[in-house]
Amino acid sequence: MDRLFTLDEARALLPGVIHDAAGVIAARADLAEIDFARRSGGRSERGGLPELKGLQARIEEIVSGWSEQGIEVKGIAPVLVDFPAVLDGVSVRLCWIEGERELGWYHRTELGFAGRRPL
């Protein structure tokens, strides 16, 4: 889906993204703990293989939901998403990373995260 967002549209979606990102963050931590226990021959109070598979499915469900909305998922550790947009006739990505409270950054599409600038 090739969707372009206005700044207002992206900002309106951000509370839902932040809420869902909290689920990704929690699942990511549990997944790491279960995986470590499995690799080291121990047990985790978080569960075993069935729980690990469930956590992977939950993360995939959230990421897929974002993608279906046209949001580009750049990473889950940390959670990093871009909203494709056009500012002043230039292709950009409105950029949000885990821990930020608002959508306050963008970068030119071809520059990526290293080219981030405040809105």
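Colleague: Which residues does W96 touch, leaving out those up to four places away in sequence?
Modeller: W96 touches L14, V17, I18, A21, V79, L80, V81, E102, L103 and R116. A contact here is heavy atoms within 4.5 Å. Keep in mind that this is a predicted model, where local features need pLDDT of at least 70 and side-chain atom pairs count only at pLDDT 80 or more, while totals for chains, interfaces and linings use all residues. Side-chain values use heavy atoms, with hydrogens and water left out, and numbering starts from 1 along each chain as its sequence is written.

Colleague: OK. Which residues have the most contacts inside the largest nonpolar core?
Modeller: V17, W66, V81, F83 and W96 do, in a core of 17 residues. To be in a nonpolar core, a residue must be a buried Ala, Val, Leu, Ile, Met, Phe, Trp, Tyr or Cys, joined to the others through side-chain atoms within 4.5 Å. Buried is under 20% relative accessible area, exposed is over 50%, and partly exposed is in between, using a 1.4 Å probe and protein chains only.

Colleague: Which elements give two or more residues to that core?
Modeller: α1 (7–39), α2 (49–68), β2 (79–87) and β3. The largest share, five residues, comes from α1. The elements are DSSP runs numbered from the N terminus: helices are H or I with at least four residues, strands are E with at least two.

Colleague: What other core is there?
Modeller: Another core, of seven residues, lies apart from it, and A27, I34, L52 and I59 are among them.

Colleague: Switching to the sheet: what is the strand order?
Modeller: The order is β1-β2-β3-β4-β5, an open sheet of five strands with antiparallel pairing. Strands pair if DSSP finds at least two bridges between them. β1 and β5 are at the edges with a single partner strand each, so one side of each has no neighbour in the sheet.

Colleague: How many bridges join each pair of strands?
Modeller: β1 (residues 72–76) and β2 have four, and β2 and β3 have eight. Then β3 (residues 90–97) and β4 (residues 105–108) are joined by four, and β4 and β5 (residues 117–118) by two.

Colleague: And what about the hairpins?
Modeller: Two residues link β1 to β2 in a hairpin. The hairpin of β2 and β3 also has two residues between the strands, and there D88 takes a positive phi near 50 degrees.

Colleague: I was eyeing R93. Is R93 buried or exposed?
Modeller: Buried, with a relative accessible area of 13%. R93 sits in strand β3, as the bridge partner of P84.

Colleague: What does the R93 side chain make a polar contact with?
Modeller: With the side chain of E72, at 2.9 Å. A polar contact is a pair of N or O atoms within 3.5 Å; within protein, one must be able to donate a hydrogen and the other to accept it, and residues adjacent in sequence count only if both atoms are side-chain atoms. Beyond four places in sequence, the residues R93 touches include E72, D82, F83 and W105. E72 also stands opposite D82 in β2.

Colleague: How many aromatic pairs does the count come to?
Modeller: One. F5 and F83 sit edge-to-face, 5.2 Å centre to centre with 90 degrees between the planes. F5 is in the segment before α1 and F83 in strand β2, 78 residues apart. Both are buried. The rule takes rings of Phe, Tyr and Trp (its six-membered ring) with centres within 6.5 Å; planes under 30 degrees apart are stacked, over 60 edge-to-face, the rest tilted.

Colleague: Last one: how many residues of β2 are buried?
Modeller: Seven of nine, so to speak mostly covered. For the protein, 34% of the 119 residues count as buried.
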